[in-house]
Amino acid sequence: MTRDGFVDRHLGSSANTVSEMLAAVGYASLDELTSAVIPKGLGNDNLDLPQAQGEFEALATLEKIVAENDVRRALIGVGYYGCSTPAVIRRNILENPGWYTQYTPYQAEISQGRLEALLNYQTMVADLTGLPLANASLLDEATAAAEAMTMCRAITAERRREKDRSALRRFFVDADIHPQTLAVLQTRAAPLGIELEVGALSAFDARAPELFGALFCYPASSGKIEDHGVRCAAAGEAQVTIAIATDLLALTLLKPPGEFGADIAVGSAQRFGVPPGFGGPHAAFLATREAHRRHVPGRIIGVSKDAHGRRAYRMALQTREQHIRRERATSNICTAQVLLAIMAGFYGAYHGPSGLKAIATRVNRLTMRLAKGLRDLGLQLTSEHFFDTLTIALEPPQRAQILARAEAERIELRQDLPGRLGVSLDELSDERELLRLLRVFGATGDALPDLLAQPSWPAALSRASAFLTHPVFERYQTETEMLRYMNRLQSRDLSLTASMIPLGSCTMKLNGTSEMIPISWQNIASLHPFVPARQARGYAKLAEQLSGWLAEITGFSAVSLQPNAGAQGEYAGLLTIRGYHHSRGETQRDVCLIPVSAHGTNPASAVMAGMRVVAVPCANDGSIDIAALNKLAETHRDKLAALMVTYPSTHGVFEADIDEVCKIIHDNGGQVYLDGANLNALVGLCKPADFGADVCHLNLHKTFCIPHGGGGPGMGPIAVAQHLAPFLPDHPHVPAKRTSLGAVAAAPLGSASILPISWMYIAMMGAGGLRRASQMAILNANYMVSRLREHYPILYTGKNDLVAHEFILDLRPFKRSADISPDDVAKRLVDYGFHAPTMSWPVAGTLMIEPTESESRAELDRFCDAMIGIRQEIADIEAGRLPRDDNPLHNAPHTAEAVCADDWSHPYSRERAAYPDRARQQLYKFWPAVSRIDNAFGDRNLICTCPSVEELAES
């Protein structure tokens with residue numbers, strides 16, 4: 001290994017250890033194992049990538065690239081603003097692997113810290129919007145608006161008891177909306193048969209035929225503030241559902257949407273301590289009324305209780321997840337922007353209600369003084385009511401002169417409005433900036449305008465209600481208290497800093513420190529997504545290189561980096577296929593074949609793309625039933641649009657007939673979408689394009705090392721064959737050079753500021769390192785199978801009785817023999833210090849395990865020993881040595897409080913409860929904060945905001 005070579009740092013086992021593991025599975029080399037696993041004819045290890053760079057070299061190379069970004073003072077607004085990230089939040093959340101390497105909190109007992117942090121975020125959003133129920137974040141503001149649109153349709157259908165939603169096809173959109181939000185709405189509406197009516201607010205008619213909802217802006221994109229109370233009242237009488245696009249900082253001063261009759265509020269929490277990052281990632285929000293809780297997309301954190309009656313947090317209403325709803329889902333959102341929502345929530349707690357109001361007041365007063373100064377210069381503002389944004393009407397010569405002076409001052413104004421310019425102030429603005437702006441607009445002196453006496457909106461729209469009254473928003477406003485609070489919450493969560501997280505189909509691999517360092521660089525974090533292209537040359541070069549590398553890795557011709565989540569990649573890929581068929585006049589092609597073993601987001605994405613889902617059965621060995629597929633493809637030949645298939649399969653094997661599967665679809669006029677969830681077994685070994693796939697999405701937060709962040713951020717770019725390239729996503733900010741499906745995310749490059757993580761990973765691994773990583777992922781999985789197969793049935797294996805990079809343990813026999821479920825095993829693993837594998841998916845009653853290439857043999861052995869120990873406990877139950885109703889599995893996990901209590905009535909020792917692997921656990925013991933949580937109680941008693949002081953006292 002060179003001085004700073006990365007490959008051996010990324011891989012978990014040394015060469016000697018690898019040889020021993022290979023011997024355990026019966027192979028002499030990684031190449032021999034690879035040949036034995038991958039079906040003949042599918043291998044392709046020819047990767048034309050730059051030579052691997054060391055860590056320092058790669059950082060220096062990337063720094064040189066992003067130095068081409070020209071970071072100026074951007075006052076463009078349009079949903080993105082300058083802000084100050086408190087150092088205590090940046091260092092201890094954003095840059096802390098204890099937070100960013102956590103997984104989605106499905107295992108609530110070992111996720112209490114981030115669940116509490118997300119509950120704080122939900123409470124903050126609910127308080128500020130005046131709507132009692134908020135979700136745990138969405139991908140971006142534009143996506144949140146699109147989700148609100150389909151939610152409006154569902155609510156109106158429910159109110160009117162309308163079973164045929166196609167009768168509800170018109171949605172009104174305020175013309176003064178952010179262009180990127182309108183673009184995403186247009187993309188989402190078309191395949192769903194929704195007609196957007198974009199117009200001035202004066203044109204809104206709540207009684208219009210087929211109208212089901214409307215989206216108003218408050219404040220509007222131009223900065224204008226209007227009272228929507230009368231419109232909301234009219235809509236309520238007509239049973240039309242109203243969504244409001246709003247701004248959290250403005251709502252500290254403005255009357256909240258919930259108080260003037262809105263049903264839904266959406267927006268972005270970006271300006272709450274999260275830098276613009278050239279478009280993301282940021283946490284979007286969605287809040288609504290309690291009556292609509294079953295229609296809320298994404299995740300909701302709720303309050304429940306554990307087995308000992310203690311208050312505990314969990315993800316509520318999990319039956320809305322796509323793996324259960326599948327083609328009945330109205331949304332494919334299966335993730336969120338957890339890390340960014342946590343940052344925003346901590347920002348709210350750090351500043352508190354008075355601090356947030358002070359920031360908003362200062363921003364508004366500076367804007368009022370700027371407005372007066374502009375009027376004194378004889379300039380015309382398009383609205384007299386505003387919060388932080390002004391739009392100025394200008395003649396062309398005057399506009400050109402102002403832009404020339406702005407260029408000299410290195411200030412960027414909003415320029416996309418014909419005959420106008422926009423300026424948005426923010427948390428970073430001050431009097432010096434105000435003076436610079438006035439000079440840009442033509443002032444010559446140094447005097448600043450006085451503050452206007454009257455408010456900048458009607459008095460009736462001023463906020464009178466209190467907000468953020470919970471103690472969490474008052475208690476942690478010194479750095480000492482905030483630091484300790486963060487640390488307490490972190491200690492309640494199990495992340496990759498504690499142990500492996502063996503979740504099947506989730507690829508919880510190393511998120512290398514060198515990969516993470518660049519996200520805090522100013523040239524990456526501080527750029528507004530809508531600056532002129534000449535100021536973002538660094539991002540353009542980074543995106544071009546990364547896209548080229550991903551195209552080479554997959555074998556495809558073109559890549560779009562815009563989808564900002566895996567499910568968004570699915571959606572974008574299917575829309576690309578839809579666009580291709582429509583361009584050929586084959587608009588009738590709307591049938592999407594999906595194996596029953598597919599990820600739950602697959603059918604949900606297909607429905608969103610306007611397709612009809614037809615399920616494809618699987619054979620007894622878990623593979624696609626080829627005969628059934630052939631019959632279905634022929635049956636739907638004239639209407640076949642696509643097949644969605646995962647490779648390697650969701651059952652953890654390389655199916656030998658993938659090329660035949662693709663041929664069947666092509667012979668019947670369809671296209672093949674390959675879900676890239678399992679790409680970690682393919683990189684450097686096979687190329688999806690070689691199988692015959694037409695489009696593939698890639699989870700950069702899995703295979704390419706972007707951390708999961710506790711449930712987001714993620715990235716899901718799509719790679720396509722040449723014939724689909726003209727139908728990739730575009731964006732209103734980027735001049736279109738092709739026929740396109742439209743925008744699927746708010747920013748042209750989606751969550752652009754985390755792309756450097758994947759760039760660094762590929763740059764440091766090189767072709768050889770990437771290939772070896774895939775081989776090690778396969779070896780680690782098969783090594784674990786070799787240790788566990790005599791204790792548990794391995795549900796599926798492929799060629800030569802081998803698995804790919806993950807495998808499934810069948811626990812169903814233990815339900816009959818010992819009344820033990822996957823949930824019992826999952827909770828018992830917590831006592832050993834492990835996160836559970838994926839439970840009951842893709843097969844109910846099973847565990848799916850994916851070790852990844854980053855784990856050492858020592859850690860693999862530790863997990864295998866834990867599973868073997870648990871199997872012995874099951875055997876003790878089967879033999880009657882432990883009772884079926886009172887044993888370490890049924891009572892797991894065991895908290896420190898439980899094992900230290902005076903009362904211990906169980907027929908096994910406290911030591912066995914808490915230290916089942918005592919020799920290893922002497923070095924480190926992870927204690928869960930709560931015992932097993934009562935999920936049903938939480939759903940029956942849905943509480944999704946911070947508990948009151950009285951409730952906390954009672955508990």
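## Helix packing and buried residues in a predicted model

In this predicted model, V88, I89, N92 and I93 of helix 5 make contact with E479, M482, L483 and M486 of helix 15. Sorted by class, the residues of this contact between helix 5 and helix 15 are six nonpolar, one polar and one charged. Helix 5 covers residues 87-94 and helix 15 covers residues 479-491, and their axes come within 11 Å of each other while crossing at roughly 15°. Because angles under 35 degrees count as roughly parallel, helix 5 and helix 15 are described as roughly parallel to each other. The crossing in which helix 5 passes helix 15 is right-handed.

The crossing of helix 8 and helix 9 is right-handed. In this contact, E141, A142, T143, A145, A146, E147 and M149 of helix 8 meet Q180, T181, V184, L185, R188 and A189 of helix 9. By class, the contact of helix 8 with helix 9 is made up of seven nonpolar, three polar and three charged residues.

The table sets out the two pairs.

| Helix pair | Axes come within | Crossing angle |
|---|---|---|
| helix 5 and helix 15 | 11 Å | roughly 15° |

How many of the 11 residues of helix 9 are buried? Nine of the 11 residues in this helix, which runs over residues 179-189, are buried, so helix 9 is largely enclosed by the rest of the structure. The buried residues of helix 9 are Q180, T181, L182, A183, V184, L185, T187, R188 and A189. What covers them includes helix 8 (141-160), strand 3 (170-174), strand 4 (195-199) and strand 5 (211-218), together with helix 19 (566-583) and helix 20 (601-608).

Buried residues are also found in loops. H805 lies in the loop between helix 24 (755-788) and strand 22 (807-810), and with a relative accessibility of 1% it counts as buried. When residues up to four places away in sequence are not counted, H805 touches P648, N678, N680, A681, A777, I778, A781, I849, E850 and P851.

D263 is found in another setting, the loop between strand 6 (241-246) and strand 7 (264-268), and at 7% relative accessibility D263 counts as buried. Leaving aside neighbours within four places in sequence, the contacts of D263 are L131, R159, V240, T241, I242, A287, T288, R289 and H292. From C-alpha to C-alpha, D263 and D4 are 55 Å apart in space, and they are 259 residues apart in sequence.

Finally, the whole protein chain can be considered. The protein chain has 32 helices and 24 strands. Its radius of gyration is 28 Å, close to the 30 Å that the globule rule gives for 955 residues, so the protein chain is as compact as a globular protein of that length. The C-alpha trace spans about 85 × 70 × 65 Å along its principal axes, and buried residues make up 64% of the 955 residues. Among contacts between residues at least 6 apart in sequence, 77% join residues that are at least 24 apart.

Conventions:
Residues numbered from 1 in each chain as written. Predicted model: local features only at pLDDT ≥ 70, side-chain atom pairs only at ≥ 80, totals over all residues. Heavy atoms only, no water. Axes fitted to C-alpha atoms, helices over the stretch in contact; angles between N-to-C directions. Helix = DSSP H or I, 4+ residues; strand = E, 2+ residues; numbered from the N terminus. Parallel < 35°, antiparallel > 145°, perpendicular 65-115°, else oblique. Left-handed = near helix turned anticlockwise from the far one by under 90°. Contact = heavy atoms within 4.5 Å. Nonpolar A, V, L, I, M, F, W, Y, C, P; charged D, E, K, R; others polar. Buried < 20%, exposed > 50% of the residue type's maximum accessible area, 1.4 Å probe, protein only. Rg over C-alpha atoms; globule rule 2.2 N^0.38 Å.
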